[in-house]
Amino acid sequence: MQLLGFVVAILTASSLAASNNIDDIQRKLDSDLQWGTYRPNLYFGTRPRLPSSLLSGLIWFGLDNQRNWQNTRHSCELGDNLLEYGYSRHNGRDFGEQLMVDQDQGVEIKSEFIKVPGDRGGSWAVRFSGRTLEDNVQGVSLAYYFGLEGNGTMALKVSKRMAKITGETPDLGRFRIRIMPAKRNQSPPLHPALQKTKGIPEAVKISGIAMNVPKKNVWRARDLFQEKLIKQAQLQANVILQNTDGKGPLTGSVLFQLENEGEDSLDSNLFFAQMMVHGEFAFDVIYECKDTSAAIKSGDIGAVASNRRKEFDIQFDAVFGLREKGFDNEEVEIAQKALSSLIGGIGYFYGSSLVSEPKPEYGDIDETSEPRLSNPYSLFAGTPSRPFFPRGFLWDEGFQLLLLSRWDADLSMDVLRSWYHTMDTNGWMAREQILGEEARSKVPKEFQIQYPNFANPPTLLFAVQALVNRLEAASTADMVDQLAQVYSTQGRAATEHTLTREYMRDLLQYSSRQLEFFMRTQAGEPLPGSVEHGYRWRGRTMDHTLTSGLDDYPRARPPSTRELHVDLFAWVTYMLSVDTELAAFAGPDLELNQTREQQLELHMRLLDELHWNSERNMYCDVTVQARDGYDELEDEGDAEERVFVCHKGYVSLFPMLLGLVPPSSSKLGHILDMIEDPNELWSEFGIRSLSKRDEFYGKGEDYWRGPIWININYLVLSSLHKHYMSDGPYQEQANRIYQKLRQNLVKSVLEEFRKTRFFWEQYNSEDGHGQGTHPFTGWTSLVVLIMAEQY
């Protein structure tokens with residue numbers, strides 16, 4: 001506590017001076033982060049962190065099959081069956097590279113993205129290079145587009161060697177764009193039967209189209225491009241058939257080559273540059289702001305990318321030290337891909353969310369009015385899976401920030417700040433952020449609506465607690481500027497004063513408001529014979545508790561408003577513990593500190609009183625049922641009685657996962673025995689989500705009923721490492737479990753990546769194979785921290 005008091009004194013003295021610079025520093029950070037690969041739902045796309053601004057993206061399809069245009073690649077889709085895609089290196093600031101291997105369309109594409117600092121977010125470029133695969137005969141159609149969702153003017157000019165777009169918008173100012181194919185690019189071969197046919201268009205390096213579309217439809221660029229393609233193909237097919245007496249052949253390279261259209265028009269807001277290639281190819285896309293100091297030469301892109309690649313490798317080794325842990329080059333590269341794909345999944349989202357009135361309880365009549373669209377707002381967030389979950393998830397984000405904060409503290413704080421800015425005055429945040437029509441197009445309608453009485457695990461507090469812990473570990477000399485890394489113009493990390501007492505107070509305000517929301521809206525009813533209450537997740541159905549994050553994990557059947565959930569009680573208790581720590585840093589507010597400490601002490605006691613089942617030696621949910629044979633005229637006491645709902649698995653582990661079980665408690669021994677038992681939770685691939693002996697194991701959807709999830713396994717390791725391996729009578733067992741579990745998890749995730757080239761949502765507890773969606777580079781990327789033993 002003496003250290004905490006000294007920290008408060010340091011922050012108090014420093015915050016006045018730091019506050020003079022904090023706005024300038026934040027503006028620099030905003031500028032550094034303005035442009036990025038912030039359209040993670042696309043195989044490649046960019047946008048600025050500005051609403052209704054300039055979007056860009058890559059489109060391609062193979063030419064061997066005339067129907068390939070119907071499967072034009074643009075947004076990440078599981079059905080596209082790419083053999084590989086995902087970032088191999090991405091620093092979150094000014095560099096990212098990935099390889100996309102599309103066997104069905106016969107092409108392999110590499111993207112190298114770089115940025116140069118300058119006015120209004122600076123300039124950026126991306127080099128695409130690749131080759132058509134061996135069995136691809138006719139080649140591939142590549143296209144890159146820019147679309148303006150907001151106000152401004154843009155014009156297109158196409159020459160033999162480039163497509164050039166000039167424009168100006170209120171938020172970006174003046175800019176120019178160049179899309180330049182490499183000189184060595186080869187056009188697709190012309191079929192011998194068509195070489196002397198009249199009406200065949202001359203092969204060109206690049207062609208361009210300018211269109212005017214409703215601003216709300218710019219995100220539908222792929223669909224609009226396909227409409228142009230089919231019209232062009234129909235026209236060209238008629239020409240070929242007329243000039244070959246109906247014999248053809250109708251080859252894709254001839255049918256789908258677009259002619260220049262809309263040049264010099266100032267009314268256009270959507271622009272496509274198309275290149276038809278065969279064999280090895282490359283093309284550059286260069287966006288330049290008006291700041292001449294940020295100019296980018298095409299010949300410099302490769303050298304800049306090479307230097308950034310080396311810098312990334314050096315920083316990765318310095319941060320995670322995996323080679324020192326005994327990992328070889330291949331294993332380090334897989335870990336780099338996990339981190340980079342997590343960062344490449346960060347996006348900027350803007351739009352309205354579909355929000356309803358509070359949803360009635362299970363079994364009640366639903367008379368809520370039609371949901372409404374909220375006022376539009378923005379979110380800067382990670383995404384769990386680019387093809388399947390390309391949007392922000394509250395439950396996932398806290399886990400994702402654990403890794404991101406190790407790599408780039410400022411970037412992670414910006415994500416954290418953005419999430420907290422979505423909180424309403426009641427302390428509610430939508431658990432799934434489906435902002436705008438593009439986001440809603442990927443979500444079934446029944447799952448789009450957000451309910452203001454639904455909570456979600458408060459995992460953002462993992463990131464908040466990490467800030468506090470790093471302050472505790474810091475030396476007093478650099479206490480204030482410990483957590484910031486604002487990227488300098490020279491490409492080096494420079495320490496700045498971004499952490500102030502005011503910022504800590506902001507975090508405390510948000511965390512306290514969220515805590516009060518949980519305690520108010522998720523409170524359960526007192527059990528028979530008791531005045532104390534626990535907590536109950538709202539949104540229950542017979543087979544699901546989606547709000548808990550553990551979806552189909554078995555609960556009381558049928559659902560009841562009288563049940564209490566042990567995982568939720570553990571979360572609220574954890575919230576109290578973090579709030580208490582944060583209040584000590586951001587204080588002094590003795591009244592608040594004392595209130596939180598009293599609430600925490602009460603919850604630690606009630607956790608055991610309400611949820612520990614001494615017969616089963618485990619933490620359980622609780623519900624209420626009528627007493628058998630109860631006669632209200634003759635029997636005394638309550639007509640109802642408490643009943644434990646016990647399913648060994650992740651839910652029963654939560655008090656231990658969140659460090660709420662004392663190291664000396666005999667309860668810990670029972671929990672560790674459950675974890676280590678191969679007939680219960682233990683498998684050679686990780687900890688099962690549900691006991692193998694449970695009646696629901698592997699039944700129904702089998703989502704959280706047996707499969708191995710990396711986020712919960714990470715929490716097991718983290719809790720063992722921080723709380724139980726060096727204190728109490730169970731140290732030896734805790735160490736044994738930790739060492740073996742860490743080994744099993746790393747082996748399982750890395751081996752499956754070698755086999756499939758992807759990280760997976762979950763892993764099978766019987767044979768370790770990846771299952772669920774892929775690539776899943778949200779919390780599965782925690783394997784990097786597991787390898788580094790950073791918790």
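1. Gln522 counts as buried because its relative accessibility is 0%; buried means under 20% relative accessible area, exposed over 50%, and partly exposed in between, with a 1.4 Å probe and protein chains only. The model is predicted: local features need pLDDT of at least 70, side-chain atom pairs count only at pLDDT 80 or more, and totals for chains, interfaces and linings use all residues. Residues are numbered from 1 along each chain as its sequence is written, and side-chain values use heavy atoms, leaving out hydrogens and water.

2. Gln522 sits in the loop between α10 (501-521) and α11 (566-586). Helices (H or I, at least four residues) and strands (E, at least two) are DSSP runs, numbered from the N terminus.

3. Polar atoms of the Gln522 side chain lie 3.0 Å from the backbone oxygen of Asn453 and 3.2 Å from the backbone nitrogen of Arg538. Gln522 also touches other residues, among them Ala455, Phe517, Trp537 and Leu568, where contact means heavy atoms within 4.5 Å.

4. Gln257 is in the loop between α3 (252-255) and β13 (270-277). Gln257 counts as buried because its relative accessibility is 10%. The side chain of Gln257 reaches the backbone oxygen of Glu202 at 2.9 Å, and its contacts include Pro201, Val204, Gln232 and Met276.

5. In α14 (residues 666-676), the buried residues include Leu668, Ile671, Leu672 and Ile675. Ser665 caps the N-terminal end of α14, with a side-chain oxygen 3.1 Å from the backbone nitrogen of Lys667.

Conventions: Polar contact = N/O pair within 3.5 Å; in protein donor to acceptor, adjacent residues only side chain to side chain. Lists of a residue's contacts leave out its neighbours within four places in sequence.
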